[in-house]
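User: Could you take a close look at one part of this model for me? I would like the aromatic rings and what surrounds them.

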Amino acid sequence: MSASADKFSRLAALRPTRSAPSRPAALRAPDQEDSLAHLIGAGVAKNHFGEHLALRNWFSTPEFSEPSSVALELLSRTRDAALSRRTRNALGDPAKWLFLDTETTGLAGGTGTYPFLVGIAWWDAGGLQVEQFFMRDFSEEHSLLHELAARLAERPVLVTFNGKSFDWPLLENRFTMTRSISTPRLLAHLDLLHPARALWKLRLGSVRLVELERRVLDAPRLGWHREDDIASALIPQYYFDYLRGGSCNPIAGIVRHNQMDLRGLAALFGKINALLASPDKDREGVDSRDLFGLSRFLERRGDSERAQAACSQALDLGLPAEFRPRACRALALLAKRRGDHGAAAALWLELVGDLLDGVLACEQLAIHYERRAKDLSRAAEFARLGLAKLQRMRVYSRDPYAAGRASRHAEQFLSRISRLEGKNKVANHGTAGPTLVDSTAK
């Protein structure tokens, strides 16, 4: 099958298929006294476990983003090659994806925490279909979980934001505690928190989904707004107030909050997908800190060539001074790994005066001049300089564990200096080499 034919077959798979047997049954209208259902426009879903509220909406934004094979390969890569292959194969069909976000009675998890609102979404007709399940009382939990299990059976590839640590373990626990609804089997679980943190934490600090929407996804351009959004920390209390007969209005706000989280999650995948798949030459307008974050992500995923290109671009764009030493260090290590020892040495020379990386730079330069440049005198000079820097760091350190590591490191320097001086005397018939002056010494 050609690439274009394959692309159109995927798009065809994302068209609505209302007659599928796993689709939910028609919702009945809520009773007149069910003010919450009328307020949020929900219907009452019923199965053999009971009832719960269900709300369905289709949104034109974010638009469907065709997953790039490059991005999927990077996102699915782990240390377990077999798991990586299974995840990659499962992610290959976006018609099987299910975005998920929960609102719960607490943030600590555990058996006493209930997911009272479960939102799911999937690509449909080029946009995003959102379905939300709400339990008006704890007795409706089994009904809600039964419907969720049916959706997961249809789309067993889960996409979440911090869902591997919170949402899915919580739901697994609730399924187990029902003792009557089997926990759905996932083909893959893609948690976007981890790539988002790698790509944007250097610039944003906080990578909360709300912050990503505002500063990465450009929510106003997509027609989204959260001016009247409910703070996540208040959501459990609002639900308990509702159970005690309180106002329904905050619950309507929670439903909107959950919808925005699902839309933000889908849009976030599109942003990550575009950034990971972009050729090196097509990154104009990308912040230098984001490029450095991309470089680190690519390096951890084993794509050293693209990592080096992104890191170089970040430095060329004017990476802030606080990140430049780390970028130079990363480039030096990448250069050494690919065998470009001259480029690595030039980068280490830039780092000799750095407070944190100066010791490592001296050590690497001592190795370079001994093994590559065959300049024993120069190698000994950098070894002495590295030892002097290390000793100064030990004086100001209050960490006993760091002091122990520094002592062992100092012994390695002393051994290297002794060996180099011995070699140097033999090579120069007892003539000592010149001494490098530490420009950073006070």
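User: Is Tyr114 buried, partly exposed or exposed, and why?

Analyst: Happy to walk you through it. This is a predicted model, in which local features need pLDDT of at least 70 and side-chain atom pairs count only at pLDDT 80 or more, while totals for chains, interfaces and linings use all residues. Residues are numbered from 1 along each chain as its sequence is written, and side-chain values use heavy atoms, with hydrogens and water left out.

Tyr114 counts as partly exposed because its relative accessibility is 21%; buried means under 20% relative accessible area, exposed over 50%, and partly exposed in between, with a 1.4 Å probe and protein chains only.

Now to its ring. The structure holds 13 aromatic pairs, where rings of Phe, Tyr and Trp (its six-membered ring) pair if their centres lie within 6.5 Å, and planes under 30 degrees apart count as stacked, over 60 as edge-to-face and the rest as tilted. Tyr114 sits in the loop between β3 and β4 and Phe138 in the loop between β5 and α5 (141-154), so the pair ties together parts that are 24 residues apart in sequence. Here helices (H or I, at least four residues) and strands (E, at least two) are DSSP runs, numbered from the N terminus. Phe138 also counts as partly exposed, because its relative accessibility is 31%.

Phe134 and Tyr239 form another aromatic pair, this one edge-to-face, at 5.8 Å centre to centre and 85° between the planes. Phe134 belongs to strand β5 and Tyr239 to helix α10, so this pair ties together parts that are 105 residues apart in sequence. Both Phe134 and Tyr239 are buried.

Let us follow Tyr239 into its helix. The buried residues of α10 (residues 235-243) are Ile235, Pro236, Tyr239 and Tyr242. Seen down the axis of α10, they fall within an arc of 120°, so they line one face of the helix; the arc is that of the directions from the helix axis to the C-beta atoms. Their cover includes α2 (35-40), β3 (97-104), β4 (115-124), β5 (127-134) and α11 (249-277), with contact meaning heavy atoms within 4.5 Å. Just after α10, Gly245 takes a positive phi of about 100°.
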